[in-house]
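Keep it short and group the points by topic.

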Amino acid sequence: IGSHPKFLSLSSGLMAGGNQSSVFEFLLWGLSEQPEQQHRLFLVFLWMYLVTVAGNLLIILAIGTDMHLHTPMYFFLANLSCADILFTSTTVPKALVNIQTQNRSISYVECLTQLYFFLTFGDMDIFLLTTMAYDRYVAICHPLHYAMVMSRRCCFILVTACWTLTNLVAMTHTFLIFRLSFCSKKIIPDFFCDLGPLMKVSCSDTQVNELVLLFLGGAVILIPFGLILVSYIRIVSAILRVPSAQGRYKAFSTCGSHLAVVALFFGTVIRAYLFPSSSSSNSIAEDTAAAVMYTVVTPLLNPFIYSLRNKDMQGALGRLLRGKVSFSCGQ
């Protein structure tokens with residue numbers, strides 16, 4: 001991290017990966033260095049977290065309780081909402097506790113655990129968004145074969161493959177971080193434990209980690225992103241051949257929400273992982289802002305993006321909420 005005073009080691013102890021893990025701690029940079037902003041940040045992030053969990057939970061319940069939404073598209077959307085709840089729950093509660101207690105420490109074991117689950121659910125978002133793009137491609141470009149291609153068995157296989165791949169990727173990165181050495185009380189330049197910040201504060205050679213992050217991490221981000229782009233190029237080409245304006249509008253409306261999520265999520269992820277900044281204070285603030293976008297803002301916006309222009313989802317949510325109201329009145 002250079003000679004920036006925020007990143008001077010607060011202890012001279014050196015720990016090899018896995019040794020003294022019960023007493024070893026990192027310090028998290030946090031969301032802001034300004035004391036007067038801490039209370040405001042706590043309230044904002046608490047509100048965002050509660051809305052994220054509630055919104056995505058409503059999506060899952062609406063899809064699960066409405067027979068009209070038992071289709072591949074909404075099956076994948078329910079899995080995405082589940083992954084988003086788990087994804088944001090990996091980082092935000094710890095950040096809120098640190099703000100409230102004014103204690104930025106995180107143990108070595110807790111840090112690696114957070115890293116593993118953060119990578120698992122973050123990569124799951126990537127794979128699910130790719131699967132959803134494939135689903136829309138088959139639905140629009142090959143509608144006559146859709147029921148056969150996107151069968152119930154195929155959907156379960158795709159989601160199982162997503163979970164399997166994301167766990168393998170997360171385990172690979174976490175194991176490579178585990179083998180590094182760290183100086184005690186090093187300050188991680190982020191509000192949670194992530195690959196780049198952890199490599200920056202390592203006291204050992206991180207060349208292998210950097211190569212794996214470049215090639216494996218790059219593949220996990222760029223290959224799905226490329227597949228999504230190819231899918232939507234084919235989709236747009238097919239839509240433009242639809243003779244009726246109403247048919248084109250309906251096709252675009254079903255894909256527009258997905259494209260908005262893809263652009264927001266992949267834009268900030270590519271910025272954070274493939275174009276990391278230097279170690280200056282301003283650059284750390286920029287990296288933190290990018291991290292907030294894909295770890296907090298995107299999961300927060302997903303329920304709104306997928307429901308605002310979707311009449312089927314609006315109807316299911318309305319029936320779900322009316323059912324809750326009538327149930328409450330009955331009590």
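Contact here means heavy atoms within 4.5 Å. This is a predicted model, in which local features need pLDDT of at least 70, side-chain atom pairs count only at pLDDT 80 or more, and totals for chains, interfaces and linings use all residues. Residues are numbered from 1 along each chain as its sequence is written, and side-chain values use heavy atoms, with hydrogens and water left out.

Helices (H or I, at least four residues) and strands (E, at least two) are DSSP runs, numbered from the N terminus. Buried means under 20% relative accessible area, exposed means over 50%, and partly exposed is in between (1.4 Å probe, protein chains only).

- An unreviewed UniProt entry lists "transmembrane region" for residues 41–63, 75–95, 115–134, 155–178, 211–235, 256–276 and 288–308.
- UniProt positions are given in the numbering used here, feature names are shortened, and annotations may be inferred rather than shown by experiment.
- In the model, residues 155–178 are 100% helix and 0% strand, with end C-alpha atoms 35 Å apart.
- Residues 211–235 are also 100% helix and 0% strand, and their end C-alpha atoms lie 35 Å apart.

**Helix α1**

- Val-53 sits in helix α1 (residues 38–65).
- Val-53 has a relative accessible area of 23%, so this residue is partly exposed.
- From Val-53 to Cys-82 is 29 residues in sequence, and 9.1 Å in space, C-alpha to C-alpha.

- Neighbours within four places in sequence aside, Gln-114 is in contact with Thr-90, Thr-91, Lys-94, Ile-106, Phe-192 and Cys-193.
- Asp-135 also lies in helix α3.
- At a relative accessible area of 0%, Asp-135 is buried.
- With neighbours within four places in sequence left aside, Asp-135 is in contact with Pro-72, Met-73, Phe-76, Tyr-146 and Met-150.

**Disulfide and cysteines**

- A disulfide is a covalent bond between the sulfur atoms of two cysteines. Here the criterion is a pair of cysteine sulfur atoms within 2.5 Å.
- The structure holds one disulfide.
- Cys-111 and Cys-193 form this bond, with an S to S distance of 2.0 Å.
- The torsion about their S-S bond is about -125°, so the disulfide is left-handed.
- The bond links distant parts of the chain, 82 residues apart: Cys-111 is in helix α3, and Cys-193 is in the loop between β5 and α6 (195–200).
- Cys-111 is buried at 0% relative accessibility. Cys-193 is buried too, with a relative accessible area of 0%.
- Cys-154 is in no disulfide, and the nearest cysteine sulfur, that of Cys-155, is 5.8 Å away.
- Cys-154 is partly exposed, with a relative accessible area of 22%.

**Sheet**

- Strands of a sheet pair through backbone hydrogen bonds, either parallel or antiparallel. Two strands count as paired if DSSP finds at least two bridges between them.
- Three strands make an open sheet in the order β3-β2-β5, with mixed pairing.
- β3 (105–107) and β5 (187–188) are the edge strands; each has a single partner strand, so one side of each is left without a neighbour in the sheet.
- Strand β2 (residues 25–28) pairs with β3 in the antiparallel sense, over three bridges.
- Opposite Phe-26 stands Ile-106 in β3.
- Helix α3 packs on the sheet and touches β2, β3 and β5; its direction makes about 85° with that of β3.
- Axes are lines fitted to C-alpha atoms, for helices over the stretch in contact, and angles run from 0 to 180 degrees between N-to-C directions.

**Aromatic pairs**

- Rings of Phe, Tyr and Trp (its six-membered ring) pair if their centres lie within 6.5 Å; planes under 30 degrees apart count as stacked, over 60 as edge-to-face and the rest as tilted.
- A search of the whole structure finds 16 aromatic pairs.
- One of them joins Tyr-108 and Phe-178: the ring centres are 6.5 Å apart and the planes are at 40°, so the pair is tilted.
- This pair links distant parts of the chain, with Tyr-108 in helix α3 and Phe-178 in helix α5 (residues 152–178), 70 residues apart.
- Tyr-108 is buried at 2% relative accessibility, whereas Phe-178 is partly exposed at 37%.
- Ring pairs also link Phe-87, Phe-118, Phe-191, Phe-192 and Tyr-294 into a cluster.
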